[in-house]
Amino acid sequence: MSEIWDVLIIGGGHAGCEASLASARLGQKSLLLTQNVDQIAAMSCNPAIGGLAKGHLVKEIDALGGEMGLAADATGIQFKKLNQKKGPAVQATRCQSDMIAYKANMRERLEAQENLTLMQGEVTEIIASNGKITGIKTQLGDVITCKAIVICAGTFLNGLIHIGDQTFEAGRAWDFCSKPLAEQLKDLGLKTGRLKTGTTPRLDGRTIDFSQLDAQPGDDIIAPFSFWETSRPLKQVPCYITFTGDQGKQIVQDNMHLSAMYSGAIKGVGPRYCPSIE
C-alpha cells in the first residue's frame, strides 16, 4: 500500500476499536488491521459488559467520547446494578449482551467513522529505521507505512488454549495466534507475558429445563452505561442459577488432575479466576 498512515492499530478487540475511533476523531488518518474483520469486537468469554471495577471503566471511556457504553446500551439483554445494598462507590452496572448484536453494532460504528479504514491481515514484522517506527509487514508480504503503531493484541501474541488436558496454539478458539510479532517484540527487548482468561462452556438452551432453575431477572429501572441519550431496543431476558449435585461434584473431584489449572499446564495465576465447573 502506497499510503502513509498517521496511526496503525493492530487488533480489533475492545481496546483496538476504542483506540481506532479515538485516533480517527483526532483527525489522524487511521488504519485498523486485524486478522479477521468478521471478529471485530467479538465477545470471546462471558458476553457481558461492565461489572465491579469494569463498569466504572466503561463509564470513563464513555465520558472521554468512546463507544463501548453506547454499544452496550444498544445491545444489552439484561442490566443489573451490582452492590445496591452498599454505598455508591462500590456500585456498578453490568449488562449481559447479545454477543452477535454487539459485534455488528461496533463494526457499524467503525465503518461509519471518518478517517478510519478497516483491513484484514496478520502483522508479522514491525519495520523501524534509526530507532523510529516506519511501518509493518503482513503475512502476505505487504508493507504498510505509518508514523505510529498502537498494539492491541489481547490474548493473540503467542496465544495458547487449554481445554482439559489438551493444549493448542490459538488467539481465541479456532483463531490463529500471532507468533512472529510476539517473537519480534521479545527481540526488541520488550518484556512479554500472557494474559489469562477462563471461558465457560457454551450450553444449548434447548437442552435445559429452565422450569427447574431459579430465575435471576434484571433491574426494572435500567441504569445505562452511557451519559448520552441511548435506547435499549432488545428484549430483556433473565439469567438462571442452578447447583451441582453430589454426582456432579464427584465427577469433578475424580477428574481434577485433568484440569489445566491444577495439572501445572498453566504456570501463572492471574488476579482472578473465572472457573469452569472445577
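These legends accompany close-up views of a predicted model.

**View 1. Overall fold of the chain.**
The chain in this predicted model contains seven helices and 15 strands. Its C-alpha trace spans about 65 × 50 × 35 Å along the principal axes. Of the 278 residues, 35% count as buried. Among contacts with a separation of 6 or more, 65% are made by residues 24 or more positions apart.

Helix 3 covers residues 68–75 and is mostly covered, with eight of its eight residues buried. The buried residues are Met68, Gly69, Leu70, Ala71, Ala72, Asp73, Ala74 and Thr75.

**View 2. Crossing of helix 3 and helix 4.**
The axes of helix 3 and helix 4 come within 9 Å and cross at roughly 135°. Because of this angle, helix 3 is oblique to helix 4. The crossing of helix 3 past helix 4 is right-handed.

**View 3. Residues at the contact of helix 3 with helix 4.**
On the side of helix 3, the contact is made by Met68, Leu70, Ala71, Ala72, Ala74 and Thr75. Helix 4 contributes Ala101, Tyr102, Asn105, Met106 and Arg109. By class, the contact has eight nonpolar, two polar and one charged residues.

**View 4. Cysteine 95 and cysteine 239.**
The cysteine sulfur closest to that of cysteine 95 belongs to cysteine 239. The two sulfur atoms are 11 Å apart, which is too far for a bond, because a disulfide needs a pair of cysteine sulfur atoms within 2.5 Å. By this cut-off, the count of disulfides comes to zero. Cysteine 95 has 0% relative accessibility and so counts as buried.

**View 5. Cysteine 177 and cysteine 152.**
Cysteine 177 is in no disulfide. For cysteine 177, the nearest cysteine sulfur is that of cysteine 152, 18 Å away. Cysteine 177 has a relative accessible area of 10% and is therefore buried, as the cut-off for buried is under 20%.

Notes
Residues are numbered from 1 along each chain as its sequence is written. This is a predicted model: local features need pLDDT of at least 70, side-chain atom pairs count only at pLDDT 80 or more; totals for chains, interfaces and linings use all residues. Side-chain values use heavy atoms; hydrogens and water are left out. Buried means under 20% relative accessible area, exposed over 50%, partly exposed in between (1.4 Å probe, protein chains only). Helices (H or I, at least four residues) and strands (E, at least two) are DSSP runs, numbered from the N terminus. Axes are lines fitted to C-alpha atoms, for helices over the stretch in contact, and angles run from 0 to 180 degrees between N-to-C directions. Angles under 35 degrees count as roughly parallel, over 145 as roughly antiparallel, 65 to 115 as roughly perpendicular and the rest as oblique. A crossing is left-handed if the near helix is turned anticlockwise from the far one by less than a right angle, and right-handed if clockwise. Contact means heavy atoms within 4.5 Å. Ala, Val, Leu, Ile, Met, Phe, Trp, Tyr, Cys and Pro count as nonpolar, Asp, Glu, Lys and Arg as charged, and the others, Gly among them, as polar.
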